[in-house]
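Hi everyone, thanks for coming.

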Amino acid sequence: MSVNQVPFITLNRFEAGFKENFLGGVATLFEKTQFVGGPVVGELEAGLAAQTKSKYAIGCANGTDAIQIALRAVGVEKNDKVLVPDMTFWATFEAVVNVGANPVTIDVARDTCHWDIETFKKAVTEFKPKAAIMVHLYGWASPDTMEIRKYAKDNNVLLIEDGAQCYGTEINGESILGSALISTTSFYPAKVLGASGDAGAIFTNDEELSKTCRILINHGRTDHYSHGLIGWNSRIGAYESLFLKLSLEHIEARLESRRNAVKYYAEALQGLPFKPAQADSKVKENGYCAVGFIDPDLRPALIESLKKANIGFGTIYPGAMSMQSGAKAHLAGKIDNGNAHYVSQSVLNLPCFAYITKEELEYVCKTVRAHFGK
Ligand SMILES: *Cc1c(COP(=O)(O)O)cnc(C)c1O
């Protein structure tokens with residue numbers, strides 16, 4: 001069948017039998033009235049820990065809660081300063097404010113869209129933060145991830161890693177989520193490992209931190225009616241756990257399909273004013289989104305051509321955090337070299353999802369090349 005449209009993301013490409021397995025499993029949970037908790041949650045957590053090579057994986061309600069819980073678990077308190085990248089999804093900033101702490105936005109490097117060690121050192125020296133949230137945007141990672149981890153540790157900066165976009169990403173052959181002090185992810189349906197609703201998880205290799213997270217996600221409970229901390233209700237549902245557990249069986253195939261799509265774009269779109277981008281060579285990306293850059297003045301016309309051809313696209317993200325109207329009242333400082341703003345104006349994301357077909361990729365590339373008369 002010839003392709004004449006490609007969505008930016010579609011959630012409907014499931015493996016044969018997936019739907020039947022899920023609905024069959026839901027029927028069983030329904031009959032047992034296992035709605036919150038139960039064995040399926042533990043099974044999912046064991047699968048997540050094994051797949052990310054973490055000692056502990058703790059399921060929770062969503063990726064934003066996961067960051068909030070991680071912040072509280074490491075000991076971030078009211079009025080503490082927390083560094084966040086100026087280029088991320090708003091939830092990273094929001095989580096800091098929601099635990100009563102004060103966000104400081106730190107610019108990213110223009111070429112990698114991530115923090116670099118020099119800017120990070122400068123930020124730690126200038127702001128003396130209690131904590132920092134490193135974000136692995138686009139399913140990439142900073143080539144300086146190891147240096148940033150070490151510098152944070154040596155300078156008593158508690159480093160949380162927001163891995164909402166980096167499920168499956170590796171650096172120097174190691175799982176990012178599994179090698180952090182504490183990391184978080186989101187299972188929002190459009191993420192690389194998506195649920196059929198909201199869900200998230202926290203990962204750590206530290207037993208104490210894992211115990212604190214477990215207490216925090218469940219009303220600060222130390223016992224059924226004993227509450228040792230002010231926590232949240234951030235439990236993961238049983239149906240979501242089942243959906244994710246079944247999805248984990250296919251994660252390698254889904255990652256491969258996404259990674260191949262990103263590679264396809266990189267090869268098929270060479271030599272154009274639109275430049276497809278890939279993660280640094282130290283990083284094995286997960287193919288979360290197909291990122292490209294174009295001169296901000298040329299972006300609107302390319303977007304028009306994509307729209308005309310019924311091709312979905314993204315601009316992840318169209319504005320830096322420090323420039324959001326909601327940021328003003330909370331921003332406790334910033335390092336702004338103009339890079340996050342530049343990225344926000346020049347980024348353009350092409351369709352990318354698990355099991356995108358070769359015909360769909362060809363159609364997108366043909367359209368982009370034709371736009372530039374190539
Ligand atoms: C999606 C996302 C979140 C938030 O996750 P939710 O599950 O929607 O709460 C946080 N940080 C980043 C970088 C994200 O992409």
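Which atom of the ligand does a polar side-chain atom of Asp162 lie 2.8 Å from? It's a nitrogen atom of the ligand. Before I go on, please keep in mind that this is a predicted model.

So, staying with the ligand. Taken alone, the ligand exposes 390 Å², and the protein buries 92% of that. As for where the ligand sits, that's the largest pocket.

Now, who is around it? There are 15 residues around the ligand, and the ones that come nearest are Gly63, Thr64, Asp162, Ser186 and Lys191. Thr64 has a polar side-chain atom 2.5 Å from an oxygen atom of the ligand. With Gly63 we're looking at the backbone instead: one of its N or O atoms lies 2.8 Å from a ligand oxygen atom.

If you sort the residues of that shell by type, you get seven polar, six nonpolar and two charged. Two helices, α3 (63-74) and α4 (90-98), each give the shell at least two residues. The largest share is from α3, with three residues.

In general, strands of a sheet pair through backbone hydrogen bonds, either parallel or antiparallel. Zooming in, strand β6 (residues 170-171) pairs with β7 over two bridges, in the antiparallel sense. Which residue in β7 is the bridge partner of Ile171? That's Glu174.

Next, a couple of backbone details. As background, most residues other than glycine have a negative phi, and most peptide bonds are trans. Tyr138, though, has a positive phi, near 65°, and is a residue other than glycine. You'll find Tyr138 in the loop between β4 (131-135) and α6 (145-154). Then there's the peptide bond from Ile316 to Tyr317, which is cis, with omega near 0°. Tyr317 is in a loop too, between α11 (299-308) and β15 (334-335).

Last stop: Asp154, which is in helix α6. Its side chain and that of Lys150 are joined by a polar contact of 2.7 Å. And how far from Asp154 is Phe274, going by C-alpha atoms? The two are 120 residues apart along the chain, and their C-alpha atoms are separated by 41 Å.

Definitions and conventions:
Residues numbered from 1 in each chain as written. Predicted model: local features only at pLDDT ≥ 70, side-chain atom pairs only at ≥ 80, totals over all residues. Heavy atoms only, no water. Near = heavy atom within 4 Å. Polar contact = N/O pair within 3.5 Å; in protein donor to acceptor, adjacent residues only side chain to side chain. Areas by Shrake-Rupley, 256 points an atom, 1.4 Å probe, with all protein chains shown as cover. 1 Å grid on protein atoms, 1.4 Å probe; cavity = no way out; pocket = protein on both sides within 12 Å on 5 of 7 lines; lining within 4 Å. Sits in = over half its atoms within 2 Å of the grid points. Helix = DSSP H or I, 4+ residues; strand = E, 2+ residues; numbered from the N terminus. Nonpolar A, V, L, I, M, F, W, Y, C, P; charged D, E, K, R; others polar. Pairing = 2+ DSSP bridges.
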